[in-house]
Amino acid sequence: MERDDEGRYVVECIDLPGCMSEGETLEEAIDNINEAIVGCLRSRLRTASEKIFINALPSHIRIDLDIPGISNA
């Protein structure tokens, strides 16, 4: 996490290459990167499921992340 030249917070999820976001405040940047992480994981799961030809795959997958200090309110 860092601040750019315009004072915005830029956040990158290093475990998911290309998954980045930003926000005017630190709280907004954290909210935005959380949404970006979920979107990135959904996209990757969708792409992976398209490459797997097994008829027994569930139509929905739920992923719960328990991260200390971050509420899902």
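Mentor: Let us begin with a definition: a residue is buried under 20% relative accessible area, exposed over 50%, and partly exposed in between. Please keep in mind that the model is a predicted one.

Trainee: Is aspartate 31 buried, exposed or partly exposed?

Mentor: Aspartate 31 lies in helix α1, which spans residues 26-51. Its relative accessible area is 42%. Since buried requires under 20% and exposed over 50%, aspartate 31 is classed as partly exposed.

Trainee: Which residues form the negative surface patch?

Mentor: Asp and Glu count as negative, and a patch takes in residues with over 30% relative accessible area and no salt bridge. The members of the patch are Glu27, Glu28, Asp31 and Glu35.

Trainee: What is the N to O distance in the salt bridge between arginine 8 and glutamate 22?

Mentor: Arginine 8 sits in the loop between β1 (2-3) and β2 (9-12), while glutamate 22 belongs to strand β3 (residues 20-23). The two are 14 residues apart, and their pairing links distant parts of the chain. A salt bridge requires a nitrogen within 4 Å of a carboxyl oxygen; for arginine 8 and glutamate 22 the N to O distance is 3.4 Å.

Trainee: Which residues do salt bridges with shared partners join into one network?

Mentor: The side chain of arginine 8 also meets that of glutamate 24 in a salt bridge, at 2.8 Å from N to O. Glutamate 24 is in the loop between β3 and α1, 16 residues apart from arginine 8. The count comes to 2 salt bridges, and the network they form consists of Arg8, Glu22 and Glu24.

Trainee: In what order do the elements run from the N terminus?

Mentor: The chain contains 1 helix and 3 strands. Read from the N terminus on, the order of these elements is β-β-β-α.

Trainee: What share of the accessible surface of the chain belongs to carbon and sulfur atoms?

Mentor: Buried residues make up 18% of the 73 residues in the chain. The accessible surface comes to about 6,300 Å², and the share belonging to carbon and sulfur atoms is 51%.

Notes. Residues are numbered from 1 along each chain as its sequence is written. This is a predicted model: local features need pLDDT of at least 70, side-chain atom pairs count only at pLDDT 80 or more; totals for chains, interfaces and linings use all residues. Side-chain values use heavy atoms; hydrogens and water are left out. Patches are made of residues with over 30% relative accessible area and no salt bridge: like charges are joined within 9 Å, nonpolar side chains (Val, Leu, Ile, Met, Phe, Trp, Tyr) within 5 Å. Accessible areas come from the Shrake-Rupley method with a 1.4 Å probe; for residues, only the protein chains shown count as cover. The place of a charge is taken as NZ of Lys, CZ of Arg, CG of Asp or CD of Glu. Helices (H or I, at least four residues) and strands (E, at least two) are DSSP runs, numbered from the N terminus. Buried means under 20% relative accessible area, exposed over 50%, partly exposed in between (1.4 Å probe, protein chains only).
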